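Please study the sequence and the three-dimensional structure shown below. Then work through the exercises, and compare each step with the solution.

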Amino acid sequence: MLFRVTITTALALASCLSALSLSYAAERKVRYDLPLTNPYTDQILALSGAKYLYPQQACLDEAGGHLFVVNASRGGGDRSQWVAVYGWSTGDFLTVFKAGDGLGETCVVSPGRSGRPTIWIKSRGNNLLNFDISSLPQPLSAPAYIQKQKAAVFYQSAMKNGRWFAETKTPGRDVLSILDQKFSEQTSVALTDANTNATPHVKRQAIAVSDHGIVGSYGSNFIAGRAQAPTMYGVKVFTFQGQIAYDGLDSPEKVMSQLNSQGVQTARLENEGVIVTQSNEIYTIAITQAANTPAAKSGGLTIVRELGTP
């Protein structure tokens, strides 16, 4: 079953002063449901001493056809981060490699200085680590980074056309610093969102950038029937001046029903990433199973299209 509604919003482009009227098709459609674990998870847990791996953010190398999902080691251990790689067209698992540590919510693919594709991952101590991905690393390898950049990134950052949008440590986490390619701050933007001051507010889990604005993905862990803080699931799009242009949040019960109708078994729901394609389609990373259960071996990492061109 397809849930579809056409929404016209005015999204401001950074390169012009006037807003353009663009049509988006809000279509929550499952691309694929992947195992939350990967073939090397048990070995990684043995190496790290952690109890499970859990996604934090994702990014896409469309030219290479690869989806990268950054996983953090949780439940003890060495706090290492592991990047699982999948074929974008098929969802097939390809490899997993170690990339930094800590708890970062940044995953950015860029051309790199030589034109070879690289990936930026946030690591401990406000460091962004840059890895060469022109050839995919071998499973369980720990490739050396080619660049280490100290940057004032609280957790979340994204990059588009050489401009970085970096979350700063503010009470509402609503101010983004805009940095150039050398990571020098040029200006900043405050996301004007009434949700920020709500009690409780819906947790933003990641950011990405389209040609039309700043995209935030929202939704903390939800389990039906359990006492928990209220939450929602979906994306919001902000203009480059920080005004909200599109609010696509729905109740977790509604989203779980939508996913179930498309064959995804949902024991829980959490939004753990957002990616934007070159054609400005927006996908979220829905976690639909607990990481340390048998069900995680067959599903739980659900790639969901939130917005696409009509």
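The exercises below concern a predicted model.

**Exercise 1. Aromatic pairs**

Task: Classify the ring pair of Tyr 32 and Trp 88, and then the ring pair of Tyr 86 and Phe 93.

Solution. 
Step 1. Two quantities describe a pair of aromatic rings: the distance of the centres and the angle of the planes. In the whole structure, a search finds eleven aromatic pairs.
Step 2. For Tyr 32 and Trp 88, the centres are 6.3 Å apart and the planes stand at 85°. Planes over 60 degrees apart count as edge-to-face, and the pair of Tyr 32 and Trp 88 is edge-to-face.
Step 3. Tyr 32 lies in strand 2 (residues 19-35), while Trp 88 lies in the loop between strand 5 (80-87) and strand 6 (93-101), so the pair ties together parts that are 56 residues apart in sequence. Tyr 32 and Trp 88 are both buried.
Step 4. The ring centres of Tyr 86 and Phe 93 are 5.9 Å apart and the planes are at 70°, so this pair is edge-to-face.
Step 5. Tyr 86 has 4% relative accessibility and therefore counts as buried. Phe 93 has 24% relative accessibility and therefore counts as partly exposed.

**Exercise 2. A ring cluster and charges over rings**

Task: State which residues ring pairs link into a cluster with Tyr 32, and over which rings the charged ends of Arg 31 and Arg 163 sit.

Solution. 
Step 1. Tyr 32, Trp 88 and Tyr 283 are linked into a cluster by ring pairs.
Step 2. Above the ring of Trp 88 sits the charged end of Arg 31, 3.9 Å from the ring centre.
Step 3. The charged end of Arg 163 sits over the ring of Phe 240, at 5.5 Å from the centre.

**Exercise 3. The surroundings of Glu 167**

Task: Is Glu 167 buried or exposed, and which side chain does a polar contact join to that of Glu 167?

Solution. 
Step 1. Glu 167 is located in strand 12 (residues 163-167).
Step 2. The relative accessible area of Glu 167 is 0%, so this residue is buried.
Step 3. The side chain of Glu 167 is joined to that of Arg 204 by a polar contact of 2.9 Å.
Step 4. With residues up to four places away in sequence not counted, Glu 167 touches several residues, among them Phe 154, Tyr 155, Arg 173 and Arg 204.

**Exercise 4. Positive phi values**

Solution. 
Step 1. Asn 161 is not a glycine, and its phi is positive, near 50°. Phe 183, also not a glycine, has a positive phi of about 65°.

**Exercise 5. Two loop residues**

Task: Describe the positions and contacts of Gly 76 and Ser 210.

Solution. 
Step 1. Gly 76 is in the loop between strand 4 (66-74) and strand 5. Its relative accessible area is 38%, so Gly 76 is partly exposed.
Step 2. Apart from neighbours within four places in sequence, Gly 76 is in contact with Gly 49 and Ala 50.
Step 3. Ser 210 is in the loop between strand 15 (204-209) and strand 16 (214-218). At 1% relative accessibility, Ser 210 is counted as buried.
Step 4. A polar atom of the Ser 210 side chain lies 3.0 Å from the backbone nitrogen of His 212.

How values were computed:
Residues numbered from 1 in each chain as written. Predicted model: local features only at pLDDT ≥ 70, side-chain atom pairs only at ≥ 80, totals over all residues. Heavy atoms only, no water. Phe/Tyr/Trp six-rings, centres within 6.5 Å; stacked < 30°, edge-to-face > 60°. Helix = DSSP H or I, 4+ residues; strand = E, 2+ residues; numbered from the N terminus. Buried < 20%, exposed > 50% of the residue type's maximum accessible area, 1.4 Å probe, protein only. Lys NZ or Arg CZ within 6 Å of the ring centre and 35° of its normal. Polar contact = N/O pair within 3.5 Å; in protein donor to acceptor, adjacent residues only side chain to side chain. Contact = heavy atoms within 4.5 Å.
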